[in-house]
Structure formats: C-alpha cells, structure tokens
Amino acid sequence: MVKRMSNCTSCNCNCSKNLPEDLVKIFEKYAKKRENVIPLLQDVQEKYGYLSKENLISISEYLNVPTSNVYGVATFYNQFRLVPLGKHIIRVCRGTACHVKGSLKILEKLESELKIKAGETTEDGLFSLETVACVGACSIAPVITIDEEFYGRLQAKDVTALVEKYEKSN
Amino acid sequence: MSDRTKIYVGMGTCGLAAGAKSVYEAISTTLKNLKIDAEIIPTGCVGYCKREIIVDIAKQGYPKLSYGDVTVADVEGLLKSVLVDNINNHKLIIGKYPTTEVISKDDLDEVPAINELPFFKKQRRLVLKNCGHINPESLQDYLAAEGYEGLKKAFAAGPLGVIDEVKKSGLRGRGGGGFPTGMKWEFGNKSVPKDPNNQKKYMICNADEGDPGAFMDRSVLEGDPFSLLEGMTIAAYAIGASYGYIYVRAEYPLAIERLENAIKLAKENNLLGENILGSGFNLELKIKKGAGAFVCGEETALIGSIEGRRGMPNPRPPFPTESGAFGCPTVINNVETLANVPGLLRHGGDWFASVGTDSSKGTKVFALTGKINNAGLVEVPMGISLREIIYEIGNGIIDDKKYKSVQIGGPSGGCISEENLDIKIDYESLKTVGAMMGSGGLVVMDEGTCMVDVAKYFVEFCTKESCGKCTPCREGTMRMFEILEKITTKEVDKQEKIDSVKHLEHLAGVIRDTSLCGLGQTAPNPVLSTLRYFKNEYDAHIYDEKCPSAHCKSLISYEINESKCIGCGICKAKCPTSAIVGERKSPHKIQTAVCVKCDQCVQLCPVKAIAAK
C-alpha cells in the first residue's frame with residue numbers, strides 16, 4: 001500500500017494526497033471522464049519519462065476509474081513504460097521493408113555493442129534499446145532512430161561509430 | 001501567379017529523416033547571402049522517395065522544375081546556377097512540371113516532363129494530388145487548389161444527395177476490407193441513437209496506420225491535411241454526426257502537428273465548428289492519439305481505445321453504425337477513403353467511377369518499398385498490373401537481382417509470386433491468389449529474401465500484437481511461430497520438423513475460421529500464401545536443412561573464397577569471436593565452430609570474398 005497523505009489541497013479531485021504541481025497542471029487539461037485515461041497516461045509519461053506506480057494511482061483517483069483498469073490500459077499499449085528509460089533512446093525499426101533490408105542484423109549488433117537486449121536499459125543509464133513496428137520511413141530502410149534523430153540506409157558495421165558518437169557527447 | 005520565385009522543399013517524415021531540415025535552412029541562408037527574394041515553402045512528400053531530398057523551384061517565366069538528391073553541399077551551387085546564372089538544367093534535375101503557358105527555353109528542351117518519367121507516367125494522382133505541391137500548413141494554398149469546393153457541393157446536394165453520389169462512384173473502403181463507402185454512410189444516416197440521454201452520432205477517421213511497411217496515410221496527413229478534414233466534414237454531414245474523432249498513431253508526431261494546425265485554421269474560417277459555411281451543420285473534431293497497438297486498426301478495438309479502454313475487439317453485430325463509440329451510431333472510415341471524398345464530390349460520382357475496374361473504382365495509393373529501385377509512394381488506377389507497378393513505376397529490382405515475391409497487405413496479406421505478377425490490382429483479383437488489398441504496403445523481395453523467414457516475421461508480429469481476447473489468435477499464432485522457428489533451426493530433429501509442419505496448414509485454417517476479429521482471421525495469410533507458392537523453400541528448410549536464400553542463421557555457414565581473398569586482415573581484426581585465421585597477404589579461413597554468424601566480415605570485406613552458404 002502506498003501511504004496516503006492528508007487531504008488534497010492542490011486540486012479539486014477526489015484524491016487524498018498532495019499532488020505535485022506538474023501533475024495538477026496536466027490533470028486540469030482533462031475532464032474527469034474515462035475516455036481521458038489514455039491522453040492522461042500519454043501526458044504524464046511525456047512529463048516524467050515513464051509511468052510510476054504513484055502516478056498511475058493518482059490518475060485512477062482523479063478519473064475515478066479503478067487502478068486495475070488504468071494499469072490494464074498502461075500495460076496493453078506499446079507506448080507506455082512502467083520503468084524509467086536511459087538518457088538516449090535507440091529505436092530499431094522492425095517494419096517489413098527494414099526487415100528485408102537487414103534490420104535484425106542491426107538490432108543484434110546493437111544488442112552486442114550495448115550488452116543489453118531490446119527493451120532494456122544499459123547499467124550506466126545512458127542507452128535504452130527498443131524495437132518499433134514501423135517508423136514510416138521505409139524508403140530509407142533500414143532505419144534506426146536515436147532520440148529524435150533518424151539514421152537511414154544503415155549497415156550493422158556503422159553501429160559502433162554511431163554508439164560511440166553518443167557516448168562521447170556525454 | 002505572383003512574380004515571386006517559389007522554392008518547395010519536401011519535408012514529410014521521410015524527407016526530414018533524409019535531412020530536409022538542414023537543406024531548408026541552407027536554402028534560407030543562401031537566399032539571404034545571394035540577396036535573392038524568394039518564398040520557401042515546406043511541403044509534404046511527393047512520393048519519389050528514391051530522390052529525396054527533393055527541391056522544386058518555380059520562377060517567373062519558367063515551368064516548375066524539380067531537383068532531386070539535394071544535399072546541403074549542393075544548395076549554394078544549385079541556387080546560384082538556377083536563380084543567378086539562369087542555367088536551369090542543373091545536374092540534379094529530375095524534370096519539369098507541365099504548364100499551361102507555352103514556354104520554350106532552350107536549355108530545358110531536353111529535360112523530361114515529370115509526368116513522362118517512368119515513375120510518374122502510369123500513376124494517376126487523385127488522393128495525392130496536392131502532396132508535395134501545396135504548403136500543408138496553409139489553408140489559402142488548399143483553397144487555391146479547389147479546396148472545400150466539394151463541401152459546398154455537398155451542402156447543396158443534402159445528406160441523401162451526398163450518399164447517392166458516393167454510391168454512384170463505387171468508392172470502397174481503402175483500409176483493407178473494401179466495404180462500399182456509400183452503403184456504410186447510408187446505414188449511419190438511417191441509424192437512430194438508442195439512448196434517450198445520449199442522442200449523438202460519431203464520425204471517426206481511422207488514421208492508426210499500423211501495417212509495418214506502410215506510410216500512405218501518413219503522407220496524406222502530412223502533405224494535405226485539409227483534404228482529410230474536408231472529406232470528414234462531408235462524411236459527417238451525410239450521416240448527421242456532429243462529433244468526430246481522428247484516431248492517429250502517436251508515432252506520427254509531424255502528422256499530428258499538421259492536423260492540429262489544420263483543425264485550428266478550419267475552425268477560425270468557419271469550416272469546422274458551429275454552422276459551417278452557413279449551412280446550419282455543426283461539427284466538432286478532436287484528435288485522439290493512439291498508443292501503439294496494431295489491433296486498434298480493427299474498428300471495434302479502435303472504439304474501445306477512444307473510450308479509454310484496452311483496445312480489444314468486440315463481436316459484430318452490433319456494427320458500429322448501430323452501436324459504436326459510447327453506444328452511439330458511429331461511422332469509421334480510413335484516411336485514404338476520406339481523402340478521396342472531396343474530389344469525388346467536386347467532380348461527381350460518374351467521374352470517379354470512370355477510373356478503375358468494374359468492381360473496384362478509383363485509384364489506390366501504395367507504399368512501394370523493399371528491394372526496389374524506385375522506392376516511394378505511388379498512386380495507381382485500379383486495374384493496373386503488379387508487373388507494371390514493379391517494373392515500370394518501380395524500375396525493377398535493386399542490382400538487377402531476380403524478383404521473388406511482393407508482399408501486399410501487411411500482416412493480413414499475402415506474398416505474390418512471379419507467375420501471378422500480371423494480376424490486376426482490384427479487391428477481388430487479389431483474393432484469388434490468397435492476398436488482399438490491405439491498406440497499401442507493397443514490399444518487394446528478391447532472391448536473397450527467405451520466404452519462410454518472411455512468414456515467420458509476420459507471424460511473430462501477430463503474436464506480439466494479438467490482444468489476447470480470443471484463444472485461436474492468442475494461442476494459435478504462437479503455435480504457428482513455434483513451428484516456423486523449429487523448421488528454421490538446425491538442431492531440431494528432422495522428423496519433428498516434418499510432423500509439425502503437417503499441422504501448420506490445418507492450424508492456419510482453424511485460426512482463420514474461428515478468430516474473433518480481422519487480425520486473427522487474416523494472421524495465417526502470410527503462412528498460407530507462402531506455403532502455396534513457395535513450398536519448395538519450406539521443403540529445402542525441412543528436408544535438406546538448408547536455407548536457399550542463405551538467410552536463416554541456424555542453417556547457414558560463412559566461407560571465405562580463397563581465390564578472391566587478398567589477406568588484408570580487416571575481417572580478422574574485427575571478428576568478435578576471433579573465428580577468422582590466416583597470415584597477412586595469404587588467404588584467410590573461417591572456423592565454423594567458433595563463428596557466431598554476425599555477418600560483419602561480409603560487410604567489411606573490400607573484395608567481397610566472404611559469403612554465407
């Protein structure tokens with residue numbers, strides 16, 4: 001159980017704790033309707049990088065939707081993460097066009113280079129590795145994105161230099 | 001047209017990924033440095049992705065000229081040559097756009113007209129008409145391109161008049177199923193909200209383009225968002241819905257940004273909101289961002305997601321037109337379907353029906369990708385053959401390799417072999433060869449692609465994206481994946497492979513017949529179509545334990561061709577497991593037992609002496 005604090009003072013919701021100001025600002029944008037579960041999860045994740053247990057509970061209390069349901073939604077969709085991510089997020093496109101052009105080899109190379117599997121974060125917290133279904137840049141396949149940058153027409157041998165570039169920038 | 005020179009830069013996601021932003025900035029600085037007055041217009045994607053980044057220049061007295069493969073380093077030279085020295089036939093030129101004015105400029109006589117280029121010649125652009133030619137963030141540009149003329153005609157015709165026109169046109173849903181759009185709207189129009197406390201109707205646009213290898217809808221959203229808004233407004237008017245949602249993938253941030261801007265501008269100009277253009281019709285549109293679930297392309301799952309639930313499908317009936325979002329009558333159409341509507345209304349149903357085949361009218365947009373020379377976005381009239389798309393528009397296979405197959409329709413579709421390449425593109429013909437129209441992904445595969453691996457790839461995709469509600473899909477796709485995994489693994493006993501593959505076809509049939517929604521029902525298609533047309537590859541994997549395309553890792557080994565090897569030692573130095581041995585300047589060898597088949601040596605070898613077998 002999460003410890004409850006005294007009555008809520010920072011927002012008009014049903015919840016019983018003091019919410020951080022950032023969270024209140026997000027909540028204020030949405031009516032207390034079930035249909036707003038996903039937009040709220042999206043905004044909260046964008047703010048904090050992931051969905052903490054406390055924040056899931058806050059969302060459920062604000063919307064008056066059972067926490068189990070909010071958790072159900074958060075675990076159903078690929079977009080949501082329940083653990084924090086690394087500083088740089090590497091996404092390997094595994095769309096069909098990228099697949100036939102060798103994206104699996106690039107993924108394997110990244111996994112061996114970073115010593116993690118897809119879906120994990122390096123111990124130093126520098127990189128998270130993810131796969132995505134398709135980033136829609138099929139014409140320059142195979143593609144990976146690092147943070148907001150696109151790298152197209154890649155070969156597995158290019159990966160080492162790319163990772164080093166981001167390591168050095170820190 | 002104003003005298004001012006206009007420079008168009010293709011800035012869709014693909015253009016941006018190729019570096020269009022820096023080219024845009026370089027153009028802006030160069031114009032300042034050269035003191036040239038010109039307007040730079042960011043546009044969506046024209047679809048000729050192969051020549052990305054594309055810059056079009058329209059100056060007074062000349063046809064609009066298109067330049068491709070433009071890099072930051074080229075910008076200054078290009079602008080100087082075209083705008084200062086008046087030499088238009090720069091080395092980067094792709095072609096000239098047709099113009100109504102008669103212009104003869106000597107240096108342009110040899111430049112091909114864009115619509116005569118093989119890539120564009122057989123295309124017919126109805127949906128993508130504006131993409132790459134107007135500024136997607138400018139309502140003025142859209143209005144100048146006959147925008148909102150369709151909506152005015154719709155208001156004049158009345159809801160039933162609109163439905164008649166759409167029925168006459170023969171337009172069918174472009175999301176994959178091919179349900180007649182006019183009929184769907186008629187159901188929506190006649191349907192009455194059952195809940196006395198909630199008398200709403202909803203119009204939803206499905207922009208959750210989840211097929212891997214497809215980006216048609218994204219290009220429309222990024223390149224011509226107003227055409228979608230106009231189409232949606234017409235559809236909502238026809239069915240009598242005053243509320244609408246655009247359900248768009250969160251993975252398309254640029255599309256969302258441009259849609260938000262378009263909605264804002266439309267509202268400010270009385271093209272959305274209350275009493276649109278004085279017609280008395282109201283429409284409130286909202287964007288809902290999808291959260292990454294392939295199954296949400298299924299309409300009942302999509303509704304679940306909009307309502308804030310897990311995106312799980314429900315049995316139909318009741319169909320959404322009876323009981324959809326929040327229990328109210330709801331019509332759901334895909335982006336491309338709706339983007340067809342403004343033109344259809346503008347020119348009439350008969351005009352639309354004049355393009356295409358008997359059962360499939362109009363055009364279809366495809367994302368042509370994979371091992372093809374001219375990768376890009378193509379819009380072709382229904383009835384064109386796959387061969388024309390691949391060999392004429394697409395200019396054949398990369399490096400002149402042998403064609404093997406084209407995968408159409410994403411995870412729900414099938415693979416089409418050489419013998420069926422002359423098949424006509426329409427909803428019915430594609431079904432006869434075990435494929436389907438799908439939303440429009442067209443991934444070309446050459447002799448180096450293993451079809452068993454392709455089947456495994458799609459089945460794996462479906463196991464991950466299955467929502468888990470019904471057993472055939474949840475368990476069945478996983479079993480299919482396990483069987484395919486077995487036959488691509490050397491260590492598995494041969495008899496076990498033979499036994500399990502016997503189950504594969506039966507299993508696929510059961511999944512197809514008993515799954516709850518379209519995802520499950522079509523998930524076996526890639527397996528069934530590869531089994532049907534590429535049985536020999538399955539046999540090679542099972543009986544010979546070999547992958548004919550040298551792709552399946554477990555079944556191949558790497559070898560150095562000693563007569564080619566120059567002994568440079570690059571591969572030896574980089575091999576992660578020190579599997580390569582040999583003295584400098586003498587042929588090297590790979591110790592198969594140590595090799596982890598990472599493929600690095602193949603990519604590094606300067607004389608291409610290493611190959612997988």
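This is a predicted model: local features need pLDDT of at least 70, side-chain atom pairs count only at pLDDT 80 or more; totals for chains, interfaces and linings use all residues.
**Entry 1: a strand pair in chain A**

I started with one bridge: A:Thr145 has A:Phe150 as its bridge partner in β4(A).

**Entry 2: the whole sheet**

Then I zoomed out to see where that pair sits. The sheet is an open one with 4 strands, in the order β2-β1-β3-β4 (chain A). Its pairing is mixed. Which strands stand at the edges? I found β2 (127–132) and β4 (149–151) of chain A there. Each has a single partner strand, so one side of each is left without a neighbour in the sheet. I also looked up the twist, and from one strand to the next it averages 20°.

Something packs on this sheet too: helix α6 of chain A, residues 103–114. I noted that this helix touches β1 (88–93), β2 and β3 of chain A. The direction of α6(A) makes about 150° with that of β1(A).

**Entry 3: domains of chain A**

I checked the domain assignment of chain A next. It gives domain 1 as 21–76 and domain 2 as 88–168. How far apart are the centres of the two domains? Taken over C-alpha atoms, 30 Å separate them.

**Entry 4: two helices in chain B**

Over to chain B. I was told that two packed helices are described by the angle between their axes and the distance between the axes, and that is what I looked up. My pair was helix α6 (residues 149–169) and helix α9 (residues 225–239) of chain B. Their axes come within 8 Å and cross at roughly 35°. The crossing of α6(B) and α9(B) is right-handed.

Who meets whom? From α6(B) I wrote down B:Gly150, B:Leu151, B:Ala154, B:Pro159, B:Val162 and B:Ile163. On the α9(B) side there are B:Glu230, B:Thr233, B:Ile234, B:Tyr237 and B:Ala238. The residues of this contact divide into 8 nonpolar, 2 polar and 1 charged.

**Entry 5: where the chains touch**

Last stop, the two chains together. I found 45 residues of chain B in contact with 37 residues of chain A. On the chain B side, the elements that give two or more residues are α1 (13–18), α11 (299–306), β10 (363–370), β14 (441–446) and α23 (600–604). Which of them gives the most? That is α1(B), with 4 residues. By class, the side of chain B that touches chain A has 20 nonpolar, 15 polar and 10 charged residues.

Definitions and conventions:
Residues are numbered from 1 along each chain as its sequence is written. Chains are lettered from A and ligands numbered from 1 in the order in which they are written. Domain bounds come from an automatic or database domain assignment. Axes are lines fitted to C-alpha atoms, for helices over the stretch in contact, and angles run from 0 to 180 degrees between N-to-C directions. A crossing is left-handed if the near helix is turned anticlockwise from the far one by less than a right angle, and right-handed if clockwise. Two residues are in contact if their C-beta atoms, placed from the backbone, lie within 7 Å. Ala, Val, Leu, Ile, Met, Phe, Trp, Tyr, Cys and Pro count as nonpolar, Asp, Glu, Lys and Arg as charged, and the others, Gly among them, as polar. Two strands pair if DSSP finds at least two bridges between them.
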